[in-house]
Amino acid sequence: MNKTLAIIKPEAVEDGNIGAILKMIEEDGFKIIHLKKTTLSQEQAENFYEVHKEKAFFKNLIAYITSGSVVIAQLEKENAVSSFRRLIGATNPAEADKNTIRKLYGTSKEKNAVHGSDSDENAAKEVNFFFN
């Protein structure tokens, strides 16, 4: 079994989509190992997204991810990272495949409902960041 990290983002939490998104995750064969609802502090968000620090969108990303509650989950499944990336769909919901989380619950490229680890290496780091 491999692990990956999922974050249900503020707009999806605010819109009441936690249950529907978690159901899609479980129905796709993922086992939810850890789950918590929290609001990220400025410092947590900056540390988590440090890889994007020099990019133009960094400040907006931090403001957005700290704007409300998020749900963070450690997931396990064979080929977890690639399977979850397929389930969530393209970054831009308008370009995401039908019946993916982002297509169903994302509202824009910036507010795309969910974060998913992009590699096994990053999944390990991200899981350890939130679930020591």
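View 1. Histidine 115 touches Leu5, Ala6, Ile7, Lys9, Phe48, Tyr49, Phe84, Arg102 and Glu126, leaving aside residues up to four places away in sequence; contact means heavy atoms within 4.5 Å. The residue belongs to strand β4 (residues 114-116); strands (E, at least two residues) and helices (H or I, at least four) are DSSP runs numbered from the N terminus. Histidine 115 counts as buried because its relative accessibility is 12%, the limit for buried being under 20% relative accessible area and that for exposed over 50% (1.4 Å probe, protein chains only). Residues are numbered from 1 along each chain as its sequence is written. In this predicted model, local features need pLDDT of at least 70 and side-chain atom pairs pLDDT 80 or more, whereas totals for chains, interfaces and linings use all residues; side-chain values use heavy atoms, without hydrogens and water.

**View 2. The largest nonpolar core**. This set of 20 residues has Ile25, Phe84 and Ile101 as the members with the most contacts inside it; a nonpolar core joins buried Ala, Val, Leu, Ile, Met, Phe, Trp, Tyr and Cys residues through side-chain atoms within 4.5 Å. Among the elements giving two or more residues to the core are β1 (2-8), α2 (18-27) and α5 (80-88). A second, separate core of 15 residues includes Ile7, Phe48, Phe130 and Phe131.
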